Amino acid sequence: MKIVIINYGAGNIQSIKFAIQRLGFEAKLSDDAEEIQQADKVIFPGVGEASSAMKKLKATGLDQLIPQLTQPVLGICLGMQLMCKHSEEGDTKGLEIFDVEVKRFSNQVKVPQIGWNQISNLQTKLFQGIKEQEFMYLVHSFYAEKCKEMIAETNYDVAYASALKKNNFFGVQFHPEKSSQAGEKILENFLKC
């Protein structure tokens, strides 16, 4: 199985690569359009600020490529947020894969949310073998609103979508690669889908 982690200069990619190795697979880091298109599975990570990350995608044409991919694609953290239609962070137009807005948490809570929080209302095979209210590791100041594409939710300030799915595209707000055995199980489920 050919697994490609999109390397566009805005991702915590080594920890994802190591998590995939622990599952017995090898992943390649690449920003090459042809290599990404030929992959069996694509992981779209993201750490940092939305507008600058989107500029990096546009500079390489990946903003055009990613929405056209037909194999399973997993967006992680900022990667998931960039797959949405718009983010309040830097007033950024997203890739419009998921029809949902990304909003900033209010000042009523500590921002960013850093640490472990629970996921619930789990749907699809991505969460096979994962129990309701499982804890996942999150670091973020912005969140995707609840929507029809939501396959898991989390509460922090508000109830929000901590995972999304549309066709071959999945997105998770949490970091499965940093979420212990349950997180690795989610990565394994994605690699088997």
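This is a predicted model: local features need pLDDT of at least 70, side-chain atom pairs count only at pLDDT 80 or more; totals for chains, interfaces and linings use all residues.
Start at the largest pocket. Its volume is about 190 Å³. The lining is made up of 14 residues, and those closest to the centre are Val 47, Gly 48, Cys 77, Val 139 and His 140. Two elements give two or more residues each to this lining: helix 5, residues 78-82, and strand 9, residues 134-140.

Take Val 139 first. Val 139 sits in strand 9. With a relative accessibility of 32%, Val 139 counts as partly exposed. Its contacts reach beyond its sequence neighbours. Setting aside residues up to four places away, Val 139 touches Cys 77, Gln 113, Ile 114 and His 175. Ile 114 is 25 residues away from Val 139 in sequence, yet their C-alpha atoms are 4.4 Å apart in space.

Cys 77, one of the residues that Val 139 touches, comes next. Cys 77 belongs to the loop between strand 4, residues 73-76, and helix 5. The relative accessible area of Cys 77 is 7%, so this residue is buried. Its backbone is also worth noting. Phi of Cys 77 is near 55 degrees, a positive value in a residue that is not glycine. Most residues other than glycine have a negative phi.

Where else does a residue other than glycine have a positive phi? Look at Ser 180, where phi is about 60 degrees. Ser 180 lies in helix 6, which covers residues 180-192.

The backbone has another feature to find. The peptide bond that runs from Val 111 to Pro 112 is cis, with omega near 0 degrees. Most peptide bonds are trans. Pro 112 is placed in the loop between strand 7, residues 98-104, and strand 8, residues 113-119.

Now turn to the charges. Side chains of opposite charge can pair when their charged atoms come close. The structure holds 8 salt bridges. Three of them are described here, each with its own setting.

In one, Lys 85 pairs with Asp 99, and the closest N and O atoms are 3.1 Å apart. Lys 85 is in strand 5, residues 84-87, while Asp 99 is in strand 7, so the bridge ties together parts that are 14 residues apart in sequence. Both partners are partly exposed: Lys 85 has a relative accessible area of 29%, and Asp 99 has 43%.

Another salt bridge joins Glu 134 and Lys 131, where the closest N and O atoms are 3.1 Å apart. Here the surroundings of the two partners contrast. Glu 134 is buried, at 17% relative accessibility, whereas Lys 131 is exposed, at 54%.

Lys 146 and Glu 153 form a further salt bridge, with an N to O distance of 3.6 Å. Lys 146 is partly exposed, with a relative accessible area of 45%. Glu 153 is buried, with a relative accessible area of 8%.

Which side chain of opposite charge is nearest to Glu 149? That side chain is Lys 166, at 4.1 Å. Glu 149 is buried yet has no salt bridge. Glu 149 is found in the loop between strand 10, residues 142-144, and strand 11, residues 150-156. Leaving out neighbours within four places in sequence, Glu 149 is in contact with Ile 97, Phe 98, Asp 99, Ala 163, Leu 164, Lys 165 and Lys 166. Asp 99, in this list, is also the salt-bridge partner of Lys 85.

Finish with Phe 170. Phe 170 is in strand 13, residues 169-172. Is Phe 170 buried or exposed? Phe 170 is buried, with a relative accessible area of 7%. Beyond neighbours within four places in sequence, its contacts include Val 73, Leu 74, Gly 75, Met 83, Thr 124, Leu 126, Ile 151, Phe 190 and Cys 193. Leu 95 is 75 residues from Phe 170 in sequence, and their C-alpha atoms are 13 Å apart in space.

How values were computed: Residues are numbered from 1 along each chain as its sequence is written. Side-chain values use heavy atoms; hydrogens and water are left out. On a 1 Å grid over the protein atoms alone, a cavity is a set of points where a 1.4 Å probe fits but cannot get out, and a pocket is an open set with protein on both sides within 12 Å along at least five of seven lines; lining residues have an atom within 4 Å of a point. Grid points are joined across faces, edges and corners, and a volume is the space filled by probe spheres set on the points. Helices (H or I, at least four residues) and strands (E, at least two) are DSSP runs, numbered from the N terminus. Buried means under 20% relative accessible area, exposed over 50%, partly exposed in between (1.4 Å probe, protein chains only). Lys and Arg count as positive and Asp and Glu as negative; His and the chain ends are not counted. A salt bridge is a side-chain nitrogen of Lys or Arg within 4 Å of a carboxyl oxygen of Asp or Glu. Contact means heavy atoms within 4.5 Å.
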